[in-house]
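Dear colleague,

Please find below the structure that I am handing over to you. My notes on it follow directly after.

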Amino acid sequence: MFKAVFLQKNEQGEFKASIEQLDESQLPEAGDVLVRISHSTLNYKDGLAICNKSPVVRQWPMVAGIDGAGTVVESAHPGFKPGDEVILNGFGVGETHWGCLAEKAKLKGDWLIKRPAGLSPSQAMAIGTAGYTAMLCVLGLEKGGVKPGSGEILVTGATGGVGSIAIALLSKLGYTVVATNGKPEQTDFLKGLGASEVMDRKLLSEPGKPLQRERWAGVVDCVGSHTLANACAQTKYGGTVTACGLAQGMDLPSSVAPFILRGVTLTGVDSVMAPLPVREEAWRRLAADLDLKKLEGLSRTLPLEGAIEAAAQIMAGTNTGRVLIKI
């Protein structure tokens, strides 16, 4: 038996999220590595799934949790053996395949990477998909030629998991970071992460002109909709905007003007299906470039039993930073 955050929906569409004891025989057959999970985390997508706010879950019933860190117990995959320390992010886990907010998970070896030596399991999950996505955004900026001396970098949705870790990463790498924030009481928190300036998110969240005063050398956008459109309209000639979120909406009410008149590059960042070499590079860089002392201040630790309530806080917008689940 193993304990898990279990999501159910009956024929009438009635939804239930609960902590349940499940039998190992219920684990998915479509997995060749059995992992004892020691830590997981809560991301925005986990909040959507646990609170049934969006059709994240596409097979029922489901064990939640798109992230996991733990130790291989059994393996039929040639790349892993019992005792290996591994990390899982994405690949539809917690959506179409039982996830890692559980004491055990049966996963495909092709989805796993070995945990970098510089990170403990708790640190890896304090980073989680949010931090891994933030690193993918940083890599996107670097690929676009945005350097620390290029100018200011805008980070939207800054108090969330992706935004907060993006600030910590960028500031350590020498970039000048400006963060957007709708919570004035979090200004000191964001500056402590390395933001040189904190601006009211309302300045970007309303409809704006297709082209505006050039300011940003690069952007990490976690919000979408009008915020992303305005960020593009304010990006300097040749700048790069990385888009990874939709907290404000999935729409993009913009025009082609920033792209054909200023040569702005809009780079989409996908954390779910990114190929393993990209994942491994992102995690290697996280181990090297993230200030782990700042990471401690970014996260709070809860037991598995606290995951459902914490997911509701994420959906209510009252959570700051990362939620680490120790199993």
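**Strand β12 and its neighbours**

Five bridges join β12 to strand β13 (residues 235–243), and the two run parallel; two strands are said to pair if DSSP finds at least two bridges between them. Helices (H or I, at least four residues) and strands (E, at least two) are DSSP runs, numbered from the N terminus.

Please note that this is a predicted model, in which local features need pLDDT of at least 70 and side-chain atom pairs count only at pLDDT 80 or more, while totals for chains, interfaces and linings use all residues. Residues are numbered from 1 along each chain as its sequence is written, and side-chain values use heavy atoms, with hydrogens and water left out.

From β12 the chain passes through helix α6 (residues 225–233) to β13, a right-handed β-α-β crossover. Right-handed here means that, with the strands pointing away from the viewer, the path from the first strand over the helix to the second runs clockwise. Strand β9 (residues 152–155) also pairs with β12, in the parallel sense and over four bridges; Leu154 has Val219 in β12 as its bridge partner.

How many of the six residues of β12 are buried? Six of the six residues of β12 (residues 216–221) are buried, so the strand is largely enclosed by the rest of the structure. Buried means under 20% relative accessible area, exposed over 50%, and partly exposed in between (1.4 Å probe, protein chains only). Helix α6 is mostly covered as well, with eight of its nine residues buried; among them are Leu228, Asn230 and Cys232. The cover over the buried residues of α6 includes β9, α5 (202–205), β12, β13, α7 (257–261) and β14 (265–268).

Thr235 is located in strand β13 and counts as buried at 0% relative accessibility. Not counting residues up to four places away in sequence, Thr235 touches Glu214, Trp216, Val219, Thr240, Val241, Arg262 and Val264, where contact means heavy atoms within 4.5 Å. Thr235 and Phe80, 155 residues apart in sequence, lie 44 Å apart in space, C-alpha to C-alpha.

Thr240 is likewise found in β13 and is buried, at 1% relative accessibility. The C-alpha atoms of Thr240 and Gly218 are separated by 4.9 Å, although the two residues are 22 apart along the chain. Leaving aside neighbours within four places in sequence, the contacts of Thr240 include Gly140, Leu141, Val146, Ala217, Gly218 and Thr267.

**Packing of α2 and α8**

Two packed helices are described by the angle between their axes and the distance between the axes. Helix α2 (residues 121–143) and helix α8 (residues 276–289) pack at an angle of about 105 degrees, with their axes 9 Å apart. The two helices are therefore roughly perpendicular to each other. The contact involves residues including Ala124, Ile127, Tyr132 and Leu139 of α2 and Val278, Ala282, Trp283 and Leu286 of α8. By class, this contact has 10 nonpolar, two polar and four charged residues. Ala, Val, Leu, Ile, Met, Phe, Trp, Tyr, Cys and Pro count as nonpolar, Asp, Glu, Lys and Arg as charged, and the others, Gly among them, as polar. Axes are lines fitted to C-alpha atoms, for helices over the stretch in contact, and angles run from 0 to 180 degrees between N-to-C directions; angles under 35 degrees count as roughly parallel, over 145 as roughly antiparallel, 65 to 115 as roughly perpendicular and the rest as oblique.

**Strand β16**

Four of the five residues of strand β16 (residues 322–326) are buried, so β16 is largely enclosed by the rest of the structure. Strand β3 (residues 33–42) runs antiparallel to β16 and is joined to it by four bridges, while strand β15 (residues 299–303) pairs with β16 in the parallel sense over five bridges. Leu324 is the bridge partner of Thr41 and also of Thr301. Together, β15, helix α10 (residues 307–316) and β16 make a right-handed β-α-β unit.

**Backbone details**

A cis peptide bond, with omega about -10 degrees, joins Trp60 and Pro61. Asn52 has a positive phi of about 55 degrees although it is not a glycine, and Asn52 counts as partly exposed at 29% relative accessibility.

With kind regards
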